[in-house]
Amino acid sequence: MTVHLEPLTQETLAEYISIGKQSYHEHYLHLWENRDPTPYISRSFTEEVVLADFKNPNLKHFLVKSEDKTAGIVKLVVDSPLDEHASAVSLLAQKIYLLQAFAGQGLGKKVLLLIEQYAKKHGKKILWLDTMQKGGPIKFYLKQGFQIKKESELKIPGAIPSEKPMWVLTKQL
């Protein structure tokens, strides 16, 4: 299975938003009161938000392509400092959302490798991300060489209090 990251274009904006919403609904409804992720969706996957992000040169959006199908989305913050790590050497993987239909095929691992290659190409020494403390993703990231750096918290209104704890994870490149 070949996988690549296709940069977002004006023409693929609607697909990015649609895939982002679908993958988020498939994996994260349990985080929200009444299983309603509207507070997150309205900050992440509206045309207005994505268009504004798209114009910011520090934010890079991609469609995850598996063969000829769109399997998910990725959003990177190219220069993103973390504690003692300056923005020049740190890249934040802000969103890695894959559709449920592609689960269990090794896609997540391949996408992370592509993100690492992108980061190295841009002179980064640290790749970092936030993930929920509960659930499968933390185990996946630790298996891929990430380490827990510190605690964090989901700070969006409407999140269930017991689901808010997050970890900041880092990986040396």
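This is a predicted model: local features need pLDDT of at least 70, side-chain atom pairs count only at pLDDT 80 or more; totals for chains, interfaces and linings use all residues.
Glu116 belongs to helix 4, residues 107-121, where helices (H or I, at least four residues) and strands (E, at least two) are DSSP runs numbered from the N terminus. With a relative accessibility of 9%, Glu116 counts as buried, a term that denotes under 20% relative accessible area, with exposed over 50% and partly exposed in between (1.4 Å probe, protein chains only). Residues are numbered from 1 along each chain as its sequence is written, and side-chain values use heavy atoms, without hydrogens and water. Local features need pLDDT of at least 70 and side-chain atom pairs count only at pLDDT 80 or more, whereas totals for chains, interfaces and linings use all residues.

A nonpolar core is a set of buried Ala, Val, Leu, Ile, Met, Phe, Trp, Tyr and Cys residues joined through side-chain atoms within 4.5 Å. The largest such core holds 47 residues, of which Val64, Val111 and Ile115 touch the most other members. A second, separate core of seven residues includes Leu59, Leu82, Ile126 and Trp128.

Strand 2 (residues 59-66) is largely enclosed by the rest of the structure, because seven of its eight residues are buried. Strand 2 pairs (at least two DSSP bridges between two strands) in the antiparallel sense with strand 1, residues 3-7, over five bridges, and Glu6 has Leu63 as its bridge partner in strand 2. Strand 2 also pairs in the antiparallel sense with strand 3, residues 69-77, over eight bridges.
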